[in-house]
Amino acid sequence: MDSALGKNPTGGNAGSAGTGIEDFDIRAYLRLDLMPHFMCPGCGHGIALRALLWAVHELAIPKDRLAIVSGIGCSGRVGAYIDANTFHTTHGRPLAFATGLALARPDLEIVVITGDGDCLAIGGNHLIHACRRNLHMTCIMLNNEIYGMTGGQVSPTTAENRMTTTTPAGNTEPAFNACALAAAAGASLVGRGITLQTPALKNLMKEGLAHRGFSFLEVISDCTEIFGRKNDLGSSPEMILRQKSQMRPEYFGNVVDEPFRPNAMKTGILSRNERPEYGDAYRAAMVSTRATASHGHG
Amino acid sequence: MLASVRQNLQGNQACALGAIAAGCRFYAGYPITPSSEIAEKMAVELPKVGGTFIQMEDEIASMAAIIGASMGGVKAMTATSGPGFSLKQENLGYGAMAEVPCVVIDVMRGGPSTGMPTRPAQGDIMQSRWGTHGDHPIIVLAPSSVKEAYDQTIRAFNLSERLRTPVVVLLDEVIGHLVETIEIPHIDTIERAERKWATEARETYLPYGETDDGIPAMARPGDGYRSHTTGLTHGPSGFPTQKPAEVNDMMQRLLGKIDRHRDIVDDVETVGCDDAEVLVVTVGITARAARRAVRQARDAGIKAGLFRPVTLWPFPENQFRAVEARVHSVLVPEMNAGQLCLEVERLSARRTKIARINRIDGEAIEPAHILSTIEELGRHG
Amino acid sequence: MPIAPPWSQPVRRRPTVMAEGAKIPMTAAIEIRLSGSGGQGLQLSASVLAEALLREGKRVAQSQSYEPTSRGGISRSDLVISEDEVDYPLVTRINYLVILDDVAARASNALIKPGATVLCDESRVTQAPSGDFHVRMLPFAEKARAVGLERVANMVALGTLAGLSGICPRATLEAVVRDETPAKFLDLNLEALAAGFKLAEAPVSE
């Protein structure tokens, strides 16, 4: 396996920055020796992964400087396929691990890949505080409305009345609006994307990566194999096309090409709240503290 | 001039200064009595040396953050007390499994649950060894003075970095809040161990491969290795595996690596163990009481001895057995309902009489209490 | 100086001591307890005394006991003073006991050494302990009020304790107060300390 890694065409760097799909070869960013991957046929997580790596490619972020921190669940396993510094941590805690990593290594570009259960249920406390702190990192929450890896239990984003293994009569709890939660908690950039529109999702991730501060990106990523079957949502293409009827763009720019039919869920950049990045602010405050202290004792 | 400085220092603050002397440059914590002075000291001292302090949203996040910082290559520490120590256990296990160096200070207070936040206890002796799930390596150091809180925190970092394992420094509230006159050595005289970093070619580097000393070199993010770290059972490549042979190899190395370095891990203080007939085994503030009691007993002609495991876990079995073989009674005073005595019973010969003093009312065990029990054991031995 | 030796250098092995009698000489320690209610500044006066003793070349162990509330409730700060390393750091036989409030009046009875000196605030302690030791009722709070603030009764008591016991020279205590206490209260604290030393000179009237 090591030899395969060693032959990686782009070595330590992502190569030249490209702007189109022509010069983006996802294989340059994957640990090909780990293929085939574990994801089910039709799973949206692979599309989200492609969009992320495409964004990394276009921003010319060197793979050596890229750190992927993930938690537990289907989303948690995605990071391992990326040829970067990858950290597969504990359930719900990737943002907390990433906080330590980001403060210790401000030179790294940190992407947290998490899921709806990982991020909003067991990790909900870390999410709101990460949003509040505004440490530079990009948090990508892959929302498939279900605990897939454990077999299909209800999650904090499962819509009401949906069937899961732990809601035999249909879900009676209301779902979280993760983006509204993140924005209310102070995330300095909040956006939502769908796996139907990979180029738009790529552009959204570029916005998130380029933003100095904490970016929260929700990706609607269908679970066809478990959630879809449980709820008779049809094949993977049928599910993914349904995204089109359920979304509408909030922010056009280069994020999406054309408006979708208006519905409850908005996509694109949903809110921006430009403010000092936490690490920068901390270091600046400590430098001035030191200066004051030395002056005081001088 | 590398002169030491004599000063009055609190045990908790000594842990903080020891950490900084050892090269700690990241601290994440959450307020909890009776350990908060460690966080407060680190918040002030770390920026002076270019380090980072952060108060996290909870105990779990604090543990996660120090592991995150350490995976980034920075020496990192957190501190807590019983309730917080319980919350940290899952991520402590991650540190053990992924072999990420880090130091956790646990200042023990009365338990269980919220218990008595301002009163001392020694109820985390077993939790510090077995708190996280699954078989795992861990080192626990148990200082019994402010000077030792300083020294053992430095040693905790050195062992943690050398052996790539979480190390717990276990204080009781008395030692944590005790102020003592101690000599702080000049910082340039402090011996610091650094982690073994990967330097070989990426093609041949195995993040969790077998090595001569059982300790694999760690890949520093940004150095070009782009390795994978996981709490899943992994093979030498660092990627998950469930193949029995690979799992077994990995677990054997993980569980055996501390034992391969017992020469630097073990640390014991003994008093009068050459000729002791009654042996006292204990740690922390209770060991200070026991030391006085043993000396008073010896002055009175009773052959008493003290065996104090400074490195509490792994318990120094060989040193203990060598002493235990010559005594007729072992007394285990501890501020809990009986934890350390379980290990002592496990390691003692059947003929040996094991006596306990257990205090669970939030007060320290007095020297006179230990002395009178030694006298009784001496009479009936 | 080698700050950061490479990992491969072994961490120096701490010698395992396997046999010795009494390595640390046991000399007679002096045990002091300052007790009262939370908020009376007992920790501060104990810290000042501990720092002064450090400057005098002594070794101290200072411990405290407090209840979760910051104000009210029993509070005490203990000092064990020795020429050498302090053997057992908690008090077991108190030589000097200061009591500033009734809540602490009887709490230390079992620990008072025969022949010890017990200094009680005459207005705030109504149930002073009695036994095989010397009890003196003294106007710490009254003198503090005369200086300007009852809250500095702790400093008055510290002055009297130092004056009566001779454990620490006045100049050293004053130097520590100058260095370690807030400038805003400096004059007040120094005056309170002086008032305390003056109380110590007054003839005993038990």
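**View 1. The surface of chain B in this predicted model.** Chain B exposes about 11,900 Å², an area worked out by the Shrake-Rupley method with a 1.4 Å probe, where only the protein chains shown count as cover for residues. Carbon and sulfur atoms supply 50% of that area. This is a predicted model, in which local features need pLDDT of at least 70 and side-chain atom pairs count only at pLDDT 80 or more, while totals for chains, interfaces and linings use all residues. Residues are numbered from 1 along each chain as its sequence is written, chains are lettered from A in the order in which they are written, and side-chain values use heavy atoms, leaving out hydrogens and water.

**View 2. The inside of chain B.** Of the 381 residues, 68% are buried, meaning under 20% relative accessible area (1.4 Å probe, protein chains only). Take the contacts (heavy atoms within 4.5 Å) between residues at least 6 apart in sequence: 78% of them join residues at least 24 apart.

**View 3. Helix α8 of chain B.** Helices here are DSSP runs of H or I, at least four residues, numbered from the N terminus. α8 takes in residues 244-256 and reaches 18 Å from its first C-alpha to its last. That is close to the expected 18 Å, which is 1.5 Å times one less than the number of residues.

**View 4. The buried residues of α8(B).** B:M250, B:R253, B:L254 and B:G256 are buried. An α-helix has 3.6 residues a turn, so residues three or four places apart point the same way. The buried residues of α8(B) pack against α4 (82-98) of chain B.

Methods: Buried < 20%, exposed > 50% of the residue type's maximum accessible area, 1.4 Å probe, protein only. Helix = DSSP H or I, 4+ residues; strand = E, 2+ residues; numbered from the N terminus.
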